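Please look through the structure below with these notes beside you.

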Amino acid sequence: MKNLSIILVFILLAGCSVVPKNGSNLVTEAKPILPKTKVEQRTMMLGKWYGDLPTKEGGRKQWTIERSTDGTYKIDFLITKIDGTTQKFSEAGHWGVAGDIYFSMYRGAIDNGQFYPSDPSDPYNYDAYNIIGLTSDSFEYQNIDSKNKYIVKKVQSNFSLGESEL
């Protein structure tokens, strides 16, 4: 009798489950193959890119970012303040793209060739951006949190901040 009660409970519970009629909640068994355009998108993001934007404080922010095939990046910054003083610094991390989202994970600072790791548990070290436009020589993206927009142009691998200008 006890077994019959358990079976009836299972039958009733199974009858209460909802299966969508239109299949809207169905998932694939495995991750679908990426469309060719998404593979090309990641390939276009590789290499060295240069950005140059005014700051809200009246200065200038210049940077180069070099993205590698292994998912790592290095950024060199040159900040020029309104009084003409400059500050240079570099950082490194991991990057990726999924759909129309570009993301980065800051892994640490680089000073005089020495790497200083960041705290991977700090949420501040992770950023996500909406991809606005991407071609083989121009990339525009917007930070999801700050809403800052960035535009970078593809440059040669020997391009260096402070020595070359576009």
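1. In this predicted model, the largest nonpolar core is made up of 17 residues, and within that core the residues with the most contacts are W63, Y102, F139 and Y141. Two or more residues of this core come from each of the strands β2 (60-67), β3 (72-80), β7 (126-134), β8 (138-143) and β9 (149-155). Another core, of 5 residues, lies apart from it and includes Y50, L78, V155 and L161.

2. The largest pocket has a volume of about 1000 Å³, and its lining is formed by 33 residues, among which K61, F77, Y129, N148 and Y150 lie nearest the centre. The strands that give two or more residues to this lining are β1 (47-54), β2, β3, β4 (86-98), β5 (101-111), β7, β8 and β9, with the largest share, 5 residues, coming from β3. Sorted by class, the lining has 16 nonpolar, 9 polar and 8 charged residues.

3. As for the protein as a whole, there are 2 helices and 9 strands, and along the sequence they follow the pattern α-α-β-β-β-β-β-β-β-β-β.

4. Among contacts with a separation of 6 or more, 36% are between residues 24 or more positions apart.

Technical notes: Residues are numbered from 1 along each chain as its sequence is written. This is a predicted model: local features need pLDDT of at least 70, side-chain atom pairs count only at pLDDT 80 or more; totals for chains, interfaces and linings use all residues. Side-chain values use heavy atoms; hydrogens and water are left out. A nonpolar core is a set of buried Ala, Val, Leu, Ile, Met, Phe, Trp, Tyr and Cys residues joined through side-chain atoms within 4.5 Å. Buried means under 20% relative accessible area, exposed over 50%, partly exposed in between (1.4 Å probe, protein chains only). Helices (H or I, at least four residues) and strands (E, at least two) are DSSP runs, numbered from the N terminus. On a 1 Å grid over the protein atoms alone, a cavity is a set of points where a 1.4 Å probe fits but cannot get out, and a pocket is an open set with protein on both sides within 12 Å along at least five of seven lines; lining residues have an atom within 4 Å of a point. Grid points are joined across faces, edges and corners, and a volume is the space filled by probe spheres set on the points. Ala, Val, Leu, Ile, Met, Phe, Trp, Tyr, Cys and Pro count as nonpolar, Asp, Glu, Lys and Arg as charged, and the others, Gly among them, as polar. Contact means heavy atoms within 4.5 Å.
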